[in-house]
Amino acid sequence: MTTINVNDTAAALQQEWNSLVLGHVGPACIKVLRMNELPLEEESHDAPEALLVLEGRLELDVAGAAVPVEAGGLHVIPAGTPHAVRPGSHGTLVIVELDDLDELDPRP
């Protein structure tokens, strides 16, 4: 694999909040996206999710509490925790999450 300039890759994305998969590490998927000041609706996941702000600022609402994440900041959202993006988020965001939980479950 070659080295990826994540900020340049995010800047080249045509649509904000549309993530691009950069690669996989074990069962984890690494994505990048560009934020654009607009909010996103609340969601939750069956596994933890790591959010790393490379540049700009991420305005989160995590289980009803405002959580600002500055450039260079990493916030891990626990599995099952409701979270949303508040207005004002901008810059480059890297997301690390499990790719597909169904593939990891050994039960029939």
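Modeller: In this predicted model, a helix is a DSSP run of H or I with at least four residues, a strand is an E run of at least two, and both are numbered from the N terminus. On that basis, Ser19 is placed in the loop between α1 (6-12) and β1 (20-25).

Biologist: Why is Ser19 called partly exposed?

Modeller: The relative accessible area of Ser19 is 32%. Buried requires under 20% and exposed requires over 50%, so Ser19, at 32%, is classed as partly exposed.

Biologist: What does Ser19 contact, leaving aside neighbours within four places in sequence?

Modeller: Ser19 is in contact with Lys31, Val32 and Leu33.

Biologist: Which other residue has a positive phi, and where does it lie?

Modeller: Glu37 has a phi near 80 degrees, again in a residue other than glycine. Glu37 is found in the loop between β2 and β3. With 43% relative accessibility, Glu37 falls between the two limits of 20% and 50%, so it is partly exposed.

Biologist: Why is Asn36 not called buried?

Modeller: Asn36 has a relative accessibility of 23%. Buried would need a value under 20%, so Asn36 is partly exposed. Asn36 belongs to strand β2 and touches Glu16, Trp17 and Ser89, not counting residues up to four places away in sequence. From Asn36 to Gly80, 44 residues away in sequence, the C-alpha separation is 26 Å.

Biologist: What makes Ala11 exposed?

Modeller: The relative accessible area of Ala11 is 56%. The limit for exposed is over 50%, and Ala11 is therefore exposed. Ala11 lies in helix α1, and its C-alpha atom is separated by 8.0 Å from that of Thr92, 81 residues away along the chain.

Biologist: Why is Ser44 called partly exposed, and which residues does it touch?

Modeller: Ser44 has 44% relative accessibility, between 20% and 50%, and so counts as partly exposed. Ser44 sits in the loop between β3 and β4. Not counting residues up to four places away in sequence, Ser44 touches Gly80, Thr81, Pro82 and His83. Between Ser44 and Ile30, 14 residues apart in sequence, the C-alpha distance is 18 Å.

Biologist: What makes a group of residues a nonpolar core, and which members touch the most others in the largest one?

Modeller: The members must be buried residues of the nonpolar kinds listed for a core, joined through side-chain atoms within 4.5 Å. The largest such core has 14 residues, of which Leu51, Leu58, Leu60 and Leu93 touch the most other members. At least two residues each come from β2, β4, β5 (65-70) and β8, and β4 gives the most, with five.

Biologist: What surrounds Leu51, apart from its neighbours within four places in sequence?

Modeller: The contacts of Leu51 are Leu58, Leu60, Gly73, Leu74, His75, Ile77, Leu93, Val94 and Ile95.

Biologist: What is known of the largest pocket?

Modeller: The largest pocket holds about 310 Å³ of space. It is lined by 18 residues, and the closest to its centre are Leu33, Leu40, Glu43, Glu49 and Ile95. The elements giving two or more residues to this lining are β2 (28-36), β3 (40-43), β4 (49-62), β7 (83-85) and β8 (90-98). The largest share, four residues, is from β4.

Biologist: How do you know where the predictor is confident, and where is pLDDT under 50?

Modeller: pLDDT is the predictor's confidence in each residue, on a scale from 0 to 100. The chain averages 91, and 91% of the residues score at least 70. Over residues 102-108, pLDDT stays under 50, and the model has two contacts beyond four places in sequence for them.

Technical notes
Residues numbered from 1 in each chain as written. Heavy atoms only, no water. Contact = heavy atoms within 4.5 Å. 1 Å grid on protein atoms, 1.4 Å probe; cavity = no way out; pocket = protein on both sides within 12 Å on 5 of 7 lines; lining within 4 Å. Points joined across faces, edges and corners; volume = space filled by probe spheres on them. Buried < 20%, exposed > 50% of the residue type's maximum accessible area, 1.4 Å probe, protein only.
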